Amino acid sequence: QPSSSWSSGRDAVTSWWSLAAVLAVVLATFVIGTFGVRVSRTTSDFLVASRSVSPLLNASAIGGEYLSAASFLGIAGLVLSYGVDMLWFPVGYTVGYLVLLVLVAAPLRRSGAYTLPDFAEMRLRSLPLRRIASVLVVLIGWLYLLPQFQGAGITLRALTGAPTWVGAVVVAVVVGVTVATGGLRSITVV
């Protein structure tokens, strides 16, 4: 009996520290977002950080995206379920990303457009194509966000015991506020 009370006390302390760590990350993210809004004065500041983000900082931000919840939990789950052959998935999406950089990002930057729908309309002079591109961007973004939200929920549940949906809501609110207040500069720094 005494060992179980010690164990539950230890779990309460661990849960408190976990909650404190999560709150510290959320607070730091909001502070960085607030800094970003002070610097953003124009549309270019907000959407592309006035094209002033250094290659090192940009590469670090891209690396951080690749080391996301979906990558860690998804690949680990695939390897656990289907074996080591699933390690080709991260190789595949890394190669795909490099192709995207060469074939899409470089022409997009040279064109001066901010988004893929802007580029599609500018290049092909078609409003219906812009609308289709917008729908596809939102759909692909949603398919990317679903595993991120699930990973956030699982992680917060493991750390604090909170329901899974709470992690998804916390991440959605924190990212939404950061994007709305600071734009690309805040997102890159976070």
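How are α5 and α6 oriented relative to each other? Let's work up to that one, starting with what kind of model this is. It is a predicted model, where local features need pLDDT of at least 70, side-chain atom pairs count only at pLDDT 80 or more, and totals for chains, interfaces and linings use all residues. Residues are numbered from 1 along each chain as its sequence is written, and side-chain values use heavy atoms, with hydrogens and water left out.

Take in the whole chain before zooming in. Its secondary structure comes to eight helices and zero strands, so from the N terminus on you read α-α-α-α-α-α-α-α. Here helices (H or I, at least four residues) and strands (E, at least two) are DSSP runs, numbered from the N terminus. Of the 190 residues, 19% count as buried; buried means under 20% relative accessible area, exposed means over 50%, and partly exposed is in between (1.4 Å probe, protein chains only). Look at contacts, too, meaning heavy atoms within 4.5 Å. Among those between residues at least 6 apart in sequence, 58% join residues at least 24 apart.

Now back to the opening question. Two packed helices are described by the angle between their axes and the distance between the axes. Helix α5 covers residues 88-111 and helix α6 covers residues 116-124; their axes come within 10 Å and cross at roughly 70 degrees. The axes are lines fitted to C-alpha atoms, for helices over the stretch in contact, and angles run from 0 to 180 degrees between N-to-C directions. Angles under 35 degrees count as roughly parallel, over 145 as roughly antiparallel, 65 to 115 as roughly perpendicular and the rest as oblique. That is why α5 and α6 are roughly perpendicular to each other.

Which residues do the meeting here? On the α5 side they are Val104, Pro107, Leu108 and Ser111, and on the α6 side Leu116, Phe119 and Met122. Sorted by type, the residues of this contact give six nonpolar, one polar and no charged. For that sorting, Ala, Val, Leu, Ile, Met, Phe, Trp, Tyr, Cys and Pro count as nonpolar, Asp, Glu, Lys and Arg as charged, and the others, Gly among them, as polar.

Next up are the charged side chains. Side chains of opposite charge can pair when their charged atoms come close. A salt bridge is a side-chain nitrogen of Lys or Arg within 4 Å of a carboxyl oxygen of Asp or Glu, and by this rule the count is two. In one, Asp118 meets Arg130 (2.7 Å, N to O). This pair links distant parts of the chain: Asp118 sits in helix α6 and Arg130 in helix α7 (residues 127-160), 12 residues apart. In the other, Glu121 meets Arg130 (2.9 Å, N to O). Shared partners join Asp118, Glu121 and Arg130 into one network.

Between α6 and α7 there is a loop, and Arg125 is found in it. Most residues other than glycine have a negative phi. Phi of Arg125, though, is near 50 degrees, a positive value. With 71% relative accessibility, Arg125 counts as exposed.

Finally, visit helix α1 (residues 2-39), where you'll find Thr29. Thr29 has 10% relative accessibility, so it counts as buried. Leaving aside neighbours within four places in sequence, Thr29 is in contact with Val174, Thr178 and Val190.
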